[in-house]
Each structure stands twice: as C-alpha cells, then as structure tokens.
Amino acid sequence: MKNQKLLLLVEIAIFAAIGFVLDQLKFSVWGQGGSVSLVMLPIILIAIRWGLSAGLITGLLVGILNLLDPFVVHWLQLFLDYFFAFTFVGFAALVRKPILEGVEENIKSKIAIFVVIGTIIGGLLRFICHTLAGAIFFNEYAGDQNPWIYTIVYNGSFMVPSVILTAIVAALIFTTNPRFLKRTV
C-alpha cells in the first residue's frame with residue numbers, strides 16, 4: 001500500500017514535468033497566445049491510469065509550472081487560464097471504468113473510443129476555461145465583433161487541433177500497451 005502511494009506521487013511529479021516540457025514543444029497559432037501542443041497528454045494518461053484525484057493534481061501541477069512564463073492581466077484570469085484549465089483536463093478520468101473494462105475484455109476499439117471521449121471531456125473543460133477568460137479579460141481584441149464568438153473561434157483554433165492530436169496519441173498508447181493501466185510496484 002505504501003509503495004502504491006509512493007508510485008502514484010512519483011508518477012504525478014514526473015508526468016507533470018513531462019506536461020511542462022511538452023507545452024514548450026508547441027506550434028504557436030497566434031502571436032498573443034494559444035498554441036497546439038501535447039500538454040494535456042500526461043494529464044490524461046495519469047487520469048486514466050490512476051483516477052480522478054491523480055488527474056486533477058497532475059493538471060494543477062502542470063498549470064502551476066506554466067506560471068513560469070505567464071500572461072496575466074487579472075487574478076481571476078490567472079485562475080481560469082492556469083489553475084482551472086489544466087486541472088479540469090483531469091476529468092478525463094470519468095471514462096476510466098469503461099477503459100479498464102475494455103482492457104479486461106481485450107477490446108481495443110472500446111479502449112480507443114473511451115480514451116477519445118475522455119480526452120474530449122478534458123479538452124472541452126479546458127476550452128471553456130480559456131473561453132471564459134478570453135471573453136471577460138481579453139474582449140478588447142475582438143474589436144467590433146462579439147467577444148464571445150471571437151474568443152470561441154480564437155480558442156477553438158488551437159484547442160481543437162490539440163484535443164485531436166492528444167486523443168490520437170493517447171488512444172495509440174493505451175491500445176498498443178494496455179498493460180500501462182496495471183499499476184505494479
């Protein structure tokens with residue numbers, strides 16, 4: 001039991017660091033922020049491997065690490081764009097049970113489908129956080145446009161490709177190596 005907790009803590013720390021590194025390896029879509037990266041991948045891997053709490057903690061740590069190079073205009077925007085956005089990616093763990101069932105039944109299509117659904121859940125929650133922050137705190141960039149539509153399009157331009165890329169890589173990882181879900185010390 002003690003070894004399992006230690007393994008969990010070590011994996012959370014390592015995967016949060018990997019998330020930070022993956023966020024540095026990005027394709028910038030816009031000059032003022034927003035990029036396509038695999039930053040959500042380690043959060044999703046931990047969430048599916050260990051469950052909701054581990055996913056949320058890993059996401060929070062990734063958000064905190066991203067504060068090493070922040071763009072902050074208000075304390076609430078800081079919470080939305082850094083703490084909440086990345087933490088909520090951990091809600092990908094909501095599909096953990098059907099993924100484990102897919103592994104037990106050896107049905108790779110079931111594993112892949114639910115990994116994609118989990119990635120969409122986490123990515124959508126992150127998108128909502130960034131969209132709220134954008135519409136509230138960066139509405140001057142919309143000019144004469146509706147700030148909500150502007151921020152939805154703006155955030156969607158990098159979040160949709162990020163979610164698709166992350167879903168593909170995560171599904172490949174879990175379907176090619178379902179043993180990754182078995183936590184052994």
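**Close-up views of a predicted model**

**View 1. Ring pairs join Trp 75, Phe 79, Phe 83, Phe 84, Phe 88 and Phe 91 into a cluster.** Rings of Phe, Tyr and Trp (its six-membered ring) count as a pair when their centres lie within 6.5 Å. The model is predicted, so local features need pLDDT of at least 70 and side-chain atom pairs count only at pLDDT 80 or more, while totals for chains, interfaces and linings use all residues. Residues are numbered from 1 along each chain as its sequence is written, and side-chain values use heavy atoms, leaving out hydrogens and water.

**View 2. Tyr 150 and Tyr 154 lie in helix H7 (residues 147-176).** Eleven aromatic pairs are found in the whole structure. The pair of Tyr 150 and Tyr 154 is stacked (planes under 30 degrees apart), with 6.1 Å centre to centre and 20° between the planes. The two residues are four apart, about one turn of the helix. Helices are DSSP runs (H or I, at least four residues) numbered from the N terminus. Tyr 154 is buried, at 12% relative accessible area (buried means under 20%, with a 1.4 Å probe and protein chains only).

**View 3. The charged end of Arg 49 sits over the ring of Phe 180.** It lies 5.0 Å from the ring centre; for Arg, the term requires CZ within 6 Å of the centre and within 35 degrees of the ring normal.

Key:
Phe/Tyr/Trp six-rings, centres within 6.5 Å; stacked < 30°, edge-to-face > 60°. Buried < 20%, exposed > 50% of the residue type's maximum accessible area, 1.4 Å probe, protein only.
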